[in-house]
Amino acid sequence: MIAFLGGTFDPVHNGHLHAARMAAGALSCPVRLVLSAHPPHRPAPLASAERRWAMLELACAAEAGLDADDVELRRGGPSYTVDTLEALRLRHGDEPLSWIIGTDAFNEIHTWRRWRSVLDLGHLLVLPRPGAELEGAALKLYLEHRCPDLEQRPAGGIRLLDEAMLPVSASAVRALIAKGGDASHLLPEGVCAYIKQHGLYARSEWPVR
Ligand code: ATP
């Protein structure tokens, strides 16, 4: 089994690392964090893909069992998950492969490009994000495909993890820094230093929208 946690990581925070560690423990496998260079379903990130990648590498370098994966960064264009899973399936052959996703993102799956193909390519490991209960198309999909043991086959199952996640979001981190607050308790040490060094997320850096 190999597992992937995709995200905008603007910036990567302790909630992501906690989630990746929980997933690695539950699946007994390494986890790779995939940077969504150009996320198609949300406003453009505040930090450039290069800066977000640098922060992701710093965070993963300090964690055994976690690695940054540049599969979407190298591809260019919008980062559609289904295209990424196709690339990962080619890379990993018939090995069981899990895409890790919080309940907030999973609830939007019906808006993804070719979303019904996602389970042909990999499993989904769903993390219970505080404040986001499963609903709508995502809940229906979960009930149709739930599977406690994703190891048995390469793709097609959904497991909902029964572990508490941390109530941290990148939006909250950005907002805190923008108003001059201290976000060091929410961030890996190296990432916090990088943000300070480059003056990221200060209000003056924000584009006028
Ligand atoms: P933003 O607040 O900017 O939307 P975010 O904190 O949700 O950002 P993303 O990079 O968009 O971070 O999230 C990547 C993936 O990580 C998503 O599947 C998301 O659900 C999951 N995730 C983010 N934060 C947490 C957390 N605290 N616990 C569990 N999963 C999380």
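Does Thr 103 count as buried or exposed?

1. The model under discussion is predicted. In this model Thr 103 has a relative accessibility of 2%. Buried means under 20%, and Thr 103 therefore counts as buried.

2. Thr 103 belongs to helix α5, which comprises residues 103–106. Apart from neighbours within four places in sequence, Thr 103 is in contact with Val 126, Leu 127, Pro 128, Arg 129, Ala 132, Leu 134 and Leu 160.

3. A polar atom of the Thr 103 side chain lies 2.9 Å from the backbone nitrogen of Arg 129.

4. The model contains an open sheet of six strands with parallel pairing, in the order β3-β2-β1-β4-β5-β6. Strands β3 (66–69) and β6 (158–160) stand at the edges; each has a single partner strand, so one side of each is left without a neighbour in the sheet. On average, neighbouring strands of this sheet are turned by 25° against each other, direction ignored.

5. Within the sheet, strand β1 (residues 2–7) pairs in the parallel sense with strand β4 (residues 97–102), over four bridges. Phe 4 stands opposite Trp 99 in β4.

6. Helix α1 (residues 14–27) packs on the sheet. The strands that helix α1 touches are β1, β2 (31–35), β3, β4, β5 (123–127) and β6. The direction of helix α1 makes about 140° with that of β2.

Conventions. Residues are numbered from 1 along each chain as its sequence is written. This is a predicted model: local features need pLDDT of at least 70, side-chain atom pairs count only at pLDDT 80 or more; totals for chains, interfaces and linings use all residues. Side-chain values use heavy atoms; hydrogens and water are left out. Helices (H or I, at least four residues) and strands (E, at least two) are DSSP runs, numbered from the N terminus. Buried means under 20% relative accessible area, exposed over 50%, partly exposed in between (1.4 Å probe, protein chains only). A polar contact is a pair of N or O atoms within 3.5 Å; within protein, one must be able to donate a hydrogen and the other to accept it, and residues adjacent in sequence count only if both atoms are side-chain atoms. Contact means heavy atoms within 4.5 Å. Two strands pair if DSSP finds at least two bridges between them. Axes are lines fitted to C-alpha atoms, for helices over the stretch in contact, and angles run from 0 to 180 degrees between N-to-C directions.
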